[in-house]
Structures are given as C-alpha cells and as structure tokens.
Amino acid sequence: MPLSRVTSTGIQDGTIATADLADNAVNSAKIGADVIVADDVANNAITTAQIANDAVTADKIADSVALGAGYYIANDGSVVGNSSTGRNNLFRVNSNATTGNVTIAANNNASVTGPLTIGNGTTVTITSTGRLAII
C-alpha cells in the first residue's frame, strides 16, 4: 500500500521502495534541476514525440552531424535544405563506388557522377519505374 504520510524527522537512504509510492506521485515538478543524468535514462527511452519542437539547438548536435546540406526544390515547389547558403555550395561530391546495397524505388529518380563501381558483394537495384542517371 502506498504511503500517504510520513511521520518521521528523517528517512534513511534506500528505505522507500517504488511500491511505497502512489502511481504518478513523482512528476517533473518534484525532481530537482540537473538531478537526472544520461546514465539514469534507459536506451531508447526518449523518443522524438517527447522532445518539444525547437528544443534541440545546433549546440546540442555532435560536430560530426552536418546541417543544411545543399539547396533543393521539393516536388511541391518548397525549398528544403539550406536555403540561405546552400546555393553557394557549387560542387556535390560523391564517392566512386558503392559499399552497400542500393535500391532506387519505384517512381524515384537518382543521379550520381561517374564512373561508378558497384562494390564486391553489393547490388544496385533500379525498380521498373525507377531511374538512375550516371553523369
């Protein structure tokens, strides 16, 4: 049975078990700032649905993650990617060999600058209505 009242002047460490707490008794308002650290969070316990929009800033993203790659016009006419400086990135560079299996899905177009070598043990699959242009 969960406790409803504590009548002690002190509680020893480890004397209150999870079963002693009422459901939903502990919420974010009752947890101090900077008390929970990464080691306290189980792998994959936080999903994108739990992160507020615009809560992650560039400072929180690893340097190895590239942001704003290129300037693209989507199929609906909207601009995606880096609309401020993406046009200044004149050269799109790609490697000259595949290292894994690649599939160009139906009704999709893809391009690569060649020559292109299909790596040993890998395949490039182009579906019946897909298209790959090697420039």
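The dialogue below goes from the whole chain to single residues.

Q: What kind of model is this, and how are residues numbered?
A: This is a predicted model: local features need pLDDT of at least 70, side-chain atom pairs count only at pLDDT 80 or more, and totals for chains, interfaces and linings use all residues. Residues are numbered from 1 along each chain as its sequence is written, and side-chain values use heavy atoms, with hydrogens and water left out.

Q: How many helices and strands does the chain have?
A: Helices (H or I, at least four residues) and strands (E, at least two) are DSSP runs, numbered from the N terminus. Here there are zero helices and six strands. The order from the N terminus is β-β-β-β-β-β.

Q: Which share of the residues is buried?
A: Buried means under 20% relative accessible area, exposed over 50%, and partly exposed in between (1.4 Å probe, protein chains only). Of the 135 residues in the chain, 7% are buried. The accessible surface of the chain is about 11800 Å² (Shrake-Rupley method, 1.4 Å probe). Carbon and sulfur atoms own 51% of that surface.

Q: Which residues make the nonpolar surface patch?
A: Nonpolar side chains (Val, Leu, Ile, Met, Phe, Trp, Tyr) are joined within 5 Å, like charges within 9 Å. The patch covers about 900 Å² and includes Ile11, Leu21, Ile31, Val41 and Val56. Ile31 sits in the segment before β1 (71-73). Ile31 is partly exposed, at 33% relative accessible area.

Q: Where is Thr98, and is it buried or exposed?
A: Thr98 is in the loop between β2 (79-81) and β3 (102-104). Its relative accessible area is 12%, so Thr98 is buried.

Q: Which residues does Thr98 touch?
A: Contact means heavy atoms within 4.5 Å. Leaving out residues up to four places away in sequence, Thr98 touches Leu116, Thr117, Ile118, Gly119, Thr122 and Val124.

Q: What polar contacts does the side chain of Thr98 make?
A: A polar contact is a pair of N or O atoms within 3.5 Å; within protein, one must be able to donate a hydrogen and the other to accept it, and residues adjacent in sequence count only if both atoms are side-chain atoms. A polar atom of the Thr98 side chain lies 2.9 Å from the backbone nitrogen of Gly119. The side chains of Thr98 and Thr122 are joined at 3.0 Å.

Q: Where is Thr122?
A: Thr122 is in the loop between β4 (109-112) and β5 (124-126). Thr122 is buried, at 15%.

Methods:
Patch = residues over 30% accessible without salt bridge, like charges linked within 9 Å, V, L, I, M, F, W, Y side chains within 5 Å. Salt bridge = Lys/Arg side-chain N within 4 Å of Asp/Glu carboxyl O.
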